[in-house]
Amino acid sequence: RMGTGVFADNENRVMRNLENGKTYPESMTNEAHHDGQILSGAFWDLRKATSLELVRHLSHFAKYGLPDDPNDGVAFSEWFLETLIADDDDGDLSNGTPHAKEIAEAFGRHHIGSGLFMKDRFRHLPHENTADTLEPYALEFVLQTIGIAGGGATDLHVRYRLDGSKTEHRIEVQSDGQGEYLAMIPAQPRGTIVSYYFVATDELSGREVRFTPGMHDDAVWQFLVGFDLFFVDACENDRGWTVGSDDDSATRNTWERGEPDMIRLGSGEYTYLIQPGEDHSDFGSQCYATGLRGGSYDFVQHIPNGRCTLTSPVLDMRDIRNPVLDLWYHFHRLINPRAENPVMPLFTIAISSDGGGSWTTAFVGKESTSGFTRIRLRIEDYVERSDAVQFRCILDTPPYENEWDPPAMSNALIDDITIYAVTDGSPTPVDPPGHVPTTAMLCDAYPNPTRGAASISFAVDAPQQLRLQITDALGRHVATLAEGFQSQGMHTVRWNGLGADGRPVPAGNYYIHLTTSSREVMTRRIVVR
């Protein structure tokens, strides 16, 4: 217990407690004095398993490796590796170290051991939405384990669920022996939501390791099979959203649409990104944000001082099946280390089926994101379909009077809001009150990555002139797939993987560009192998 008696108002309160159950990333608050206890807790547990003398030695010499990356997850992983190096007694990590098991167990208890090392070196390109209902879905990933005796991974497999069911299916993975793996999920019928993640057992600690988006064990990757576009809002135009509710308490910097300014706290490499300086879209520049203006140390003046709500237009979902809400959000919160038991800011999404008469909470974000992060919610998991479905985004920050010393502060941004659904015919974008048409919507290519041909779909709200072309990573023209007048609705074209010269293009990254009559440009990446 460190700092006993520091606080005059409570002599039993301490600044830090090394004997704790704090874990990464679940316990992170982005406040250094708090988050450092995850590491100190691991060393305290190692002290109990070994000796004070040993841990004094290891914690000292681990610093020689400079385990201090600006990314907290990388830094924790470096601390684990450097502690093993400090424990090594013969200059050869591959044959183990005298206390490798104890170090792995102590660090693993705080989720910063060999499991985190593997997560940092796990690479997976998430499966895209697909129209394919006949062929299995390939999931590829790369995994590197720690180069130490007994430090491998066993029992690698995929777990997946369908349409939000609690029933999990298991699929074994195939290995090429070089750290690359493949699993095949069986083909699914139109209108299926596939959720999945990867699992392995860490030999060093014996713990199960889950490989998930953002390293959060309760997160999953998802892709949709055979869905249509029902509602699209890139936040570039007013689609009928409303700001404010009877429960709001913020008096400044509530939700507004525009181009956000960059807000960073700190300097150099060691900064907190309070607000990104751009929206999420590949095209356009606007999003919804709780305060758009930027700043440095005076940024508190440009974020909300209480709860604020943003509500969608009313949507008629009676004639569709399995609607899915898909959006990107950025959420950041800072806790004042001087505040005792502060109320934690939250980012919440709620859904209503009676035009806002009652609301059901569908998502609660409690942790800061490192950038724009995707949320995908199956609407019928929370409310029934009706002719008056709405959803709302709430930033819930405790009100404060002293803007220079608030107990906690936060802000949020949302962008690229889409509702997918299964329709009986061609997808028809919803026309809510105040609707200003989005000229077009470019979908991801399928398959992607591709070894040859790929299908590319786009939706048009109104008849107009369009141009669809492929460029390489340097912006050089590769092929024109469509050019001229296009009718309203969904269109699909086929790219055969050939350039303008009729030859197959080399493997690499290419970009699909859809240019509308209003000169709006949408871009998607396609990978050719």
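Buried here means under 20% relative accessible area, exposed means over 50%, and partly exposed is in between (1.4 Å probe, protein chains only). Keep that in mind as you click along. You're looking at a predicted model, where local features need pLDDT of at least 70, side-chain atom pairs count only at pLDDT 80 or more, and totals for chains, interfaces and linings use all residues. Numbering starts from 1 along each chain as its sequence is written, and side-chain values use heavy atoms, leaving out hydrogens and water.

**Stop 1: strand β17**

Strands (E, at least two residues) and helices (H or I, at least four) are DSSP runs numbered from the N terminus. Select 321–335, which is β17. Of its 15 residues, 14 are buried, so β17 is largely enclosed by the rest of the structure.

Now bring up its partners; two strands pair if DSSP finds at least two bridges between them. β17 runs antiparallel to β22, with twelve bridges between them, and F331 sits opposite A412 of β22. Another six bridges tie β17 to β20, again antiparallel; here V324 faces R378 of β20.

**Stop 2: the largest nonpolar core**

A nonpolar core is a set of buried Ala, Val, Leu, Ile, Met, Phe, Trp, Tyr and Cys residues joined through side-chain atoms within 4.5 Å. Select W255, L325, F347, I349, I414 and I417: these have the most contacts inside the largest core, which has 34 residues. Strands supplying at least two residues each include β10 (228–233), β18 (346–352) and β22 (408–422). The largest share, five residues, comes from β22.

Zoom in on I414 and show its contacts, meaning heavy atoms within 4.5 Å. Beyond its neighbours within four places in sequence, I414 touches C235, W241, W255, C287, Y288, L310, L327, W328, Y329, F347 and C393. There is also a second, separate core of 28 residues, with W79, A86, F117 and I146 among them.

**Stop 3: the cysteines**

How many disulfides are there? The count is zero, taking a disulfide as a pair of cysteine sulfur atoms within 2.5 Å. C235 is buried at a relative accessible area of 0%, and C308 is buried with a value of 0%.

**Stop 4: an open sheet**

Colour five strands in the order β11-β16-β21-β18-β19, and you have an open sheet with antiparallel pairing. Its edges are β11 (242–243) and β19, each pairing on one side only. β11 joins β16 through two antiparallel bridges, where V243 has L310 as its bridge partner.

For another antiparallel pair, select β7 (192–202) along with β9: five bridges link them. Look for V194, whose bridge partner in β9 is F223. Strand β9 (221–225) has four of its five residues buried, so it is largely enclosed by the rest of the structure.

**Stop 5**

Where is the kink in α1 centred? Click I38, where the bend is about 30°, given as the angle between axes fitted to the seven residues ending there and the seven starting there. I38 is also one of the buried residues of α1, along with L39, F43 and L46 among others. The buried residues of α1 pack against α2 (52–62), α3 (72–87) and α4 (100–109).

**Stop 6**

Finish with H513 in strand β28 (508–515). Is H513 buried or exposed? At 17% relative accessibility, H513 counts as buried. H513 and I470 are 43 residues apart in sequence but 6.3 Å apart in space, C-alpha to C-alpha.

R476 is in the loop between β25 (464–472) and β26 (477–486). Leaving aside neighbours within four places in sequence, R476 contacts I470 and T471.
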